[in-house]
Amino acid sequence: DLIGVPCMSSPSTKKARMSKLQLAGSYVALVTPFTDADEVDYAKIEELVDWHIAEGTAGILPCGTTGESPTLTDEEQKKVIKTVVDKAAKRCQVIGGGGSNCTKRAVAAAQMCKDLGCDVVLSVIPYYNKPTQDGIYEHFAAVAKVGIPIMLYNIPGRCGGGGMTSRTIAKLNQ
């Protein structure tokens, strides 16, 4: 099955616009393995990437919340994403986890994901800040200016107001 997922992009303009990111097959939110010394196990990440690709996984998402992104340092997050991008070597899509409740950090994370070669960045609504729908729009419009497709991550229970509404998504599509 081919699934169209709302995905923001701004390839040639500074205005945010929505497009459809075509996803087909199985995608995995990759865990971030650690050693007994509480260090990120980059060799194990490479093994996991190879295993998922060998099993037919169509896309890998490092540093989502399943990948413990809130507990990684900026340097660890960058190295985890780079490790996945390099090991995947275009054999599958890579969706870099680059969300933050701070718009400036979310923009910087999206730029990092783009620079590292991710196909898409996963960006979350500013959690705990509980922004208005206009605030959510402005957050994603700023991230879209980076010029990498954005998979919108909506967590209503953490973002207040029921999360992102269909009206806000439609506004992002204009």
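A nonpolar core is a set of buried Ala, Val, Leu, Ile, Met, Phe, Trp, Tyr and Cys residues joined through side-chain atoms within 4.5 Å. The views below show a predicted model.

**View 1. The largest nonpolar core, with 38 residues.** Inside this core, I45, V49, I60, I81 and F140 have the most contacts. Two or more residues each come from α1 (42-54), α2 (74-88), α3 (103-116), α4 (133-144) and β7 (150-153). Helix α4 gives the largest share, 6 residues. Apart from this core lies another, of 7 residues, including L21, I95, V120 and M151.

**View 2. Surroundings of I60.** Neighbours within four places in sequence are left aside here. I60 is in contact with V28, L30, V49, H52 and I53, and also with V84, C92, Q93, V94 and I95. I60 is itself among the residues with the most contacts inside the largest core, as is V49.

**View 3. Helix α4.** The buried residues of α4 are I136, Y137, H139, F140, A141, V143 and A144. The 12 residues of this helix should span 16 Å at 1.5 Å a residue, and the end C-alpha atoms are 16 Å apart, which agrees. In soluble globular proteins, nonpolar side chains tend to be buried together.

**View 4. S123 in strand β6 (residues 120-124).** S123 has a relative accessible area of 0%, so this residue is buried; the cut-off for buried is under 20%. Leaving aside neighbours within four places in sequence, S123 is in contact with H139, F140 and V143, and with G98, G99, A106, I150, M151, L152 and Y153. H139, F140 and V143 are buried residues of α4.

Methods. Residues numbered from 1 in each chain as written. Predicted model: local features only at pLDDT ≥ 70, side-chain atom pairs only at ≥ 80, totals over all residues. Heavy atoms only, no water. Buried < 20%, exposed > 50% of the residue type's maximum accessible area, 1.4 Å probe, protein only. Helix = DSSP H or I, 4+ residues; strand = E, 2+ residues; numbered from the N terminus. Contact = heavy atoms within 4.5 Å. Expected span 1.5 Å × (residues − 1).
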